[in-house]
Amino acid sequence: MAQGMVPPQVRNLLFDLGGVHYAVDYPATVQAFAELAQRHGTTINFSQAQQDPLFDRFEVGQIGEAEFLDGLRSHLRAPVPDAELIGAWNAMLGGLIPGRRELVRVLAERYPLALLSNTNAIHWEHRVGMEVGELLEPFGHVFLSYTAGLRKPNADFFEYALATTGWRAEETLFIEDTPQHIAAAQRLGLCTLHLTDPAALAPYFGL
């Protein structure tokens with residue numbers, strides 16, 4: 001079967017999750033936080049490209065769920081219930097992209113697979129982890145920022161994944177939707193696919 005546009009030296013696939021296999025709507029959470037902030041007369045700085053350090057600390061497991069929620073309440077300067085905060089934080093989660101389980105099974109017949117994802121305890125343990133269990137069955141390694149204590153675009157997260165898998169950077173294709181993460185991978189010598197349209201993934205592999 002045709003290999004599409006995959007560089008010939010690629011032997012391994014390192015996937016991001018959100019925006020690649022799992023639908024993420026960052027503006028939905030930005031809007032949900034904005035509505036909470038407006039209701040309480042304050043602001044929370046969060047977007048896909050820039051966010052308050054509170055979110056970064058949560059994403060690498062430096063703080064737990066309770067401390068994160070307390071931090072959000074501190075920003076809002078209001079006693080917002082946990083459920084309301086979690087609802088706003090999880091508003092971005094859109095579920096698995098249709099057809100991804102089947103596509104992953106086909107790719108797993110050609111390549112070893114691994115996942116490299118920036119995520120956090122609320123997203124993963126309240127919802128995402130349960131929704132992607134079957135999807136991830138063919139993956140040999142799953143690297144999550146909040147359990148590894150590392151996050152993209154920092155080089156050490158990529159280096160940790162490569163060292164653990166034993167993969168060579170130049171033989172590994174990193175598939176990701178965020179430009180700054182793609183740039184970081186390229187600096188380390190990985191092949192990259194900046195996936196701006198989830199529908200383009202299967203054709204890239206000639207499927």
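Visitor: Where is the place of Asn-12?

Guide: Asn-12 has its place in strand 1. A strand here is a DSSP run of E with at least two residues, a helix is a run of H or I with at least four, and both are numbered from the N terminus. The model is predicted, so local features need pLDDT of at least 70, side-chain atom pairs count only at pLDDT 80 or more, and totals for chains, interfaces and linings use all residues. Residues are numbered from 1 along each chain as its sequence is written, and side-chain values use heavy atoms, leaving out hydrogens and water.

Visitor: Why does Asn-12 count as buried?

Guide: Buried means under 20% relative accessible area, with exposed over 50% and partly exposed in between (1.4 Å probe, protein chains only). Asn-12 has 7% relative accessibility, and therefore counts as buried.

Visitor: What makes a polar contact between the side chains of Asn-12 and Thr-172?

Guide: The term asks for a pair of N or O atoms within 3.5 Å; within protein, one must be able to donate a hydrogen and the other to accept it, and residues adjacent in sequence count only if both atoms are side-chain atoms. For the side chains of Asn-12 and Thr-172 the value is 3.4 Å, and the pair is a polar contact.

Visitor: Which residues does Asn-12 touch, not counting those up to four places away in sequence?

Guide: Among them are Tyr-111, Pro-112, Trp-167 and Leu-173. Contact means heavy atoms within 4.5 Å.

Visitor: How do you know that strand 1 pairs with strand 4?

Guide: Two strands pair if DSSP finds at least two bridges between them. Strand 1 (residues 12–15) and strand 4 (residues 113–117) are joined by 3 bridges, and they run parallel. Leu-13 has Leu-113 as its bridge partner in strand 4.

Visitor: How many bridges join strand 4 to strand 5?

Guide: There are 4 bridges between strand 4 and strand 5, which also run parallel. In strand 5, Val-142 is the bridge partner of Leu-115.

Visitor: What order do the strands of the sheet take?

Guide: The open sheet has 5 strands in the order 5-4-1-6-7, with parallel pairing. Strand 5 (141–144) and strand 7 (191–194) are called edge strands because each pairs on one side only.

Visitor: Which residues touch the most other members of the largest nonpolar core?

Guide: They are Phe-15, Phe-68 and Phe-205, in a core of 52 residues. A nonpolar core is a set of buried Ala, Val, Leu, Ile, Met, Phe, Trp, Tyr and Cys residues joined through side-chain atoms within 4.5 Å.
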